[in-house]
Amino acid sequence: MKSEKLVIEKLAAGIINLNSITFPEKVVSIAKELIVDVSGAILAGSCTSSVHSIFNAASEIYSAGNCNIIGRKKSLNPSGAAFINGASAHSLEFDDNCYAGVVHGSAVVFPAVLAFAQHRALSGLDLLKSFIVGLEIEFAVAKAFSNSIYDKGWWTTSVLGSVGSAAGVASLAKINIREIENALSLAVSGVGATRAIRGTSAKHYYCGRAAENGVISNILAMNGSNGPLDVFEDRNGIISILNDKVFEHSYINKIGKEFGLLNPGVDIKKYPVCYASHAAVDGVKSIIDSKNISIDNIDKIVCTVPPIIASNLTFQNPKTVKEAQFSLEFSIAMMLKYGDIKLEHLSSEYIMDSDIKKLINKVEMNVGNLPKNVKPSTKVCPEWSNVELFTKGGEGHEKFVGAPLGSSINPLTGNMLYKKFNSCVKFSDTKFVTKSIYEKLINIEKVKNCRELF
């Protein structure tokens, strides 16, 4: 009787299979939109003070190369470029989200495959395919674990992102199956940031490290290094350590047959704050706009949310930009006063504003269940919100938001995506012409050499 293959062996075979098939048109279309979106997030993030510090340190650590540091006039070797661009991608909390694992997939996978594609002077089509491969392998592993590892406190963007970045680079490198297995096992063996990092620079630092991990693990494998092929199954492997031995193997067997980019899909953020606040923000905006309520007439706002939101949005009275991005109260206050949350709002000028502080005190967050009139369905995402707004005159208004604008259920339009990308380009203060770089990215399959992208 033939023994069951190891997870690493199945993942390696999945990469080989994905490299050989034609992806559904919808999968390719979504992937190209994600490349546009994450490129904008990297550009905007490149000018933040925390990324500037990371860049200065990395410039001393990594050697020169031909891989772009997006937003800067410098190129480094592939591991250095993947690290810095990965950190930039997540530094403003403006990158995408996927509920397969609750991960920021593109922020890790794209910097890794971009760096390696530029290192090898590969085409945009090569990069696009490997980006899809990396995400699909990551999402399959995420589904197999379920979101319980996130609930246990592991920061899944780091843990699962390393799987995705390693898979994407392995796809690009066209290495043999034994080298793929070793690259994956090397990448997986050392994963593990915790969600204690929220509200600090460590969060995007570990995003960059996960991108770098995918590059280095492949280079090591190509040079003969090996890793434990039973890194999932070993008694001290990640299935046991991360998830109390729970792992649904059927999702790994479905690689290439089902696509995470389609189900559950990927959410593109409309606001540069933690995605957990978006549903409540949209609910507040809906009430204010439809009922024409002035902020002076608001007595209080009560947001009923699921536990996952409360576990992320822990800063009721933020004092820093990072804390503000994980504050439901701040996000709602900004929407009330300005009708939007923009990149330029992420500064102490707005965070410490007296009007914002007063509005923050009007917001209350409670953990609860779905309203009785709402049934669980595919139309309700894990980070739903029920908003109740009470006026000083005693009126009450309620709005349930199952999926915010930008979610895979309720996606941004093409015009909205372009508008967001343009805001990122302008915020970066680079000399890029928005339309030119947007067209290049949205048609990335036509690019002959990825060194021409940025």
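Which helices do the buried residues of α19 pack against? They pack against α2 (25-45) and α20 (434-442), and we'll come back to that helix once the whole chain is in view.

A word on the ground rules. This is a predicted model, where local features need pLDDT of at least 70, side-chain atom pairs count only at pLDDT 80 or more, and totals for chains, interfaces and linings use all residues. Residues are numbered from 1 along each chain as its sequence is written, and side-chain values use heavy atoms, with hydrogens and water left out.

Let's start with the overall picture. The protein chain has 20 helices and six strands; helices (H or I, at least four residues) and strands (E, at least two) are DSSP runs, numbered from the N terminus. Its radius of gyration is 22 Å, which agrees with the value near 22 Å for a compact globule of 454 residues. That radius is taken over C-alpha atoms, and the globule rule is 2.2 Å times the number of residues to the power 0.38. Along the principal axes, the C-alpha atoms fill a box of roughly 70 × 55 × 40 Å.

How much of the chain is tucked away? Of the 454 residues, 58% count as buried, meaning under 20% relative accessible area, while exposed means over 50% and partly exposed is in between (1.4 Å probe, protein chains only). Among contacts in the chain with a separation of 6 or more, 76% are between residues 24 or more positions apart; a contact means heavy atoms within 4.5 Å.

Now back to α19. This helix (residues 414-428) has 15 residues and reaches 21 Å from its first C-alpha to its last, close to the 21 Å expected at 1.5 Å a residue. The expected span is 1.5 Å times one less than the number of residues. Its buried residues are Leu417, Lys420, Phe421, Asn422, Cys424, Val425 and Ser428. After the helix comes Asp429, with a positive phi near 60 degrees.

Over at helix α1 (residues 7-20), 14 residues reach 20 Å from first C-alpha to last, close to the 20 Å expected. The buried residues here include Val7, Ile8, Lys10 and Leu11. The buried residues of α1 pack against α6 (124-145), α8 (156-173), α9 (177-189) and α12 (250-253).

Next, take a look at Phe116 in helix α5 (residues 105-119). Phe116 counts as buried because its relative accessibility is 1%. Leaving aside neighbours within four places in sequence, Phe116 is in contact with Val169, Leu172, Ala173 and Met222. Leu127 is eleven residues from Phe116 in sequence and 8.8 Å from it in space, C-alpha to C-alpha.

Most residues other than glycine have a negative phi, and most peptide bonds are trans. Glu93, in the loop between α4 (78-90) and α5, has a positive phi of about 55 degrees although it is not a glycine. Lys174, in the loop between α8 and α9, is not a glycine and has a positive phi of about 55 degrees. Are these two residues buried or exposed? Glu93 counts as buried at 2% relative accessibility, whereas Lys174 is exposed, with a relative accessible area of 58%. As for the peptide bonds, the one from Asn263 to Pro264 is cis, with omega near 15 degrees. Pro264 sits in the loop between α12 and α13 (278-291).
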